[in-house]
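Please keep the sequence and the model at hand while reading.

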Amino acid sequence: MNLTLKIWRQPDASSAGAMHTYQLADVSPDMSFLEMLDVLNEQLNEQGEEPIAFDSDCREGICGMCGLMINGDAHGPEVTTTCQLHMRSFKDGETITVEPWRSDAFPVIKDLVVDRSAFDRIIQQGGYISVNTGSAPEAHSVPVPRDDALRAFNVATCIGCGACVAACPNGSASLFMGAKITHLGELPQGQPERDSRVVNMVAQHDHEGFGGCTNIGACTAACPKEIPLDVISQLNKDLRTAIKHGH
Ligand code: SF4
Ligand code: FES
């Protein structure tokens with residue numbers, strides 16, 4: 001495949017960025033999107049140009065580090081992570097635009113790399129439990145209804161990639177927060193902090209500059225782990241209950 005790539009370049013957080021155009025030939029349809037960027041970077045290195053900075057770690061859809069706006073879609077045209085997206089999803093001769101996540105709460109560090117530490121600070125406010133769960137046999141002595149366990153496991157698949165924020169016109173992190181709140185709120189071990197968790201996480205979310213949810217649904221459509229929209233209803237329900245309890 002021969003491709004024209006329009007890629008956002010920005011030297012650092014305080015400098016202005018711009019789209020730059022690159023030509024790349026002989027791209028295999030079996031390459032992942034990140035492997036294609038690796039090849040482009042080798043080409044740039046050979047030409048004595050600065051390679052393009054982008055994030056990745058596991059390259060297996062697990063860690064949530066990768067994340068690019070590809071042709072205006074968070075993680076590109078498939079429901080998957082950028083590292084699991086393959087070039088066969090594009091056409092020979094296509095022009096592909098590549099940008100970093102666009103959100104005030106995720107400032108650009110360099111080129112395609114953004115600072116997602118706002119998510120870590122939200123987790124610090126409540127994405128944990130304080131009870132001692134003991135060893136595995138003791139954990140099995142606390143019965144959890146099957147449906148609750150399944151729902152907790154399903155939403156625990158959120159990898160914190162931030163695509164939901166990038167896709168949302170309001171820049172809201174409600175899907176991410178809803179996944180964490182639902183995951184812990186479905187389990188008996190998550191009950192002691194249930195009220196304080198939602199109140200503190202929402203306060204941190206708003207403090208970080210994420211926007212409010214207006215039920216557009218772009219977040220769940222972009223989510224590589226298919227976190228359902230109803231976790232946001234759970235978030236709002238838990239918040240109302242916490243306020244009723246005097247938080
Ligand atoms: S909810 Fe989905 S899109 Fe948002 S951070 Fe989690 S995995 Fe990524
Ligand atoms: S690099 Fe880990 S999810 Fe993509």
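Helices, labelled H, are DSSP runs of at least four residues, and strands, labelled E, are runs of at least two, both numbered from the N terminus. The model is a predicted one.

## Around ligand 1

With that numbering in place, H6 is the element that gives the most to the shell around ligand 1, contributing 3 residues. The shell holds 14 residues, of which Cys158, Cys161, Ala163, Cys164 and Cys223 come nearest to the ligand. Two elements, helix H5 (163–167) and helix H6 (174–185), each give two or more residues to this shell.

By class, the residues of the shell around ligand 1 comprise 11 nonpolar, 2 polar and 1 charged.

## H6 and its helix partners

Two packed helices are described by the angle between their axes and the distance between those axes. Helix H4 (residues 146–155) packs with H6 at an angle of about 150°, the two axes being 8 Å apart. Angles over 145 degrees count as roughly antiparallel, and H4 and H6 are therefore roughly antiparallel to each other. The crossing in which H4 passes H6 is left-handed. On the H4 side the contact is made by Arg151, Ala152 and Val155, and on the H6 side by Ala179, Thr182 and His183; these residues divide into 3 nonpolar, 2 polar and 1 charged.

Helix H9 (residues 230–244) also meets H6, with axes that come within 8 Å and cross at roughly 70°. Because angles of 65 to 115 degrees count as roughly perpendicular, H6 and H9 are described as roughly perpendicular to each other. The contact of H6 with H9 has 7 nonpolar, 5 polar and 1 charged residues.

## Two residues with positive phi

Asn71, found in the loop between strand E3 (69–70) and strand E4 (73–74), has a phi near 50°, which is a positive value in a residue other than glycine. Asn71 has 14 other C-beta atoms within 10 Å and is therefore partly exposed.

His75 lies in the loop between E4 and strand E5 (95–99), and the phi of His75, near 65°, is likewise a positive value in a residue other than glycine. His75 counts as buried because it has 26 C-beta neighbours inside 10 Å, where 20 or more are required.

Definitions and conventions: Residues numbered from 1 in each chain as written. Chains lettered and ligands numbered in written order. Predicted model: local features only at pLDDT ≥ 70, side-chain atom pairs only at ≥ 80, totals over all residues. Near = placed C-beta within 6 Å. Nonpolar A, V, L, I, M, F, W, Y, C, P; charged D, E, K, R; others polar. Buried ≥ 20, exposed ≤ 12 C-beta atoms within 10 Å, placed from the backbone. Axes fitted to C-alpha atoms, helices over the stretch in contact; angles between N-to-C directions. Parallel < 35°, antiparallel > 145°, perpendicular 65-115°, else oblique. Left-handed = near helix turned anticlockwise from the far one by under 90°. Contact = placed C-beta atoms within 7 Å.
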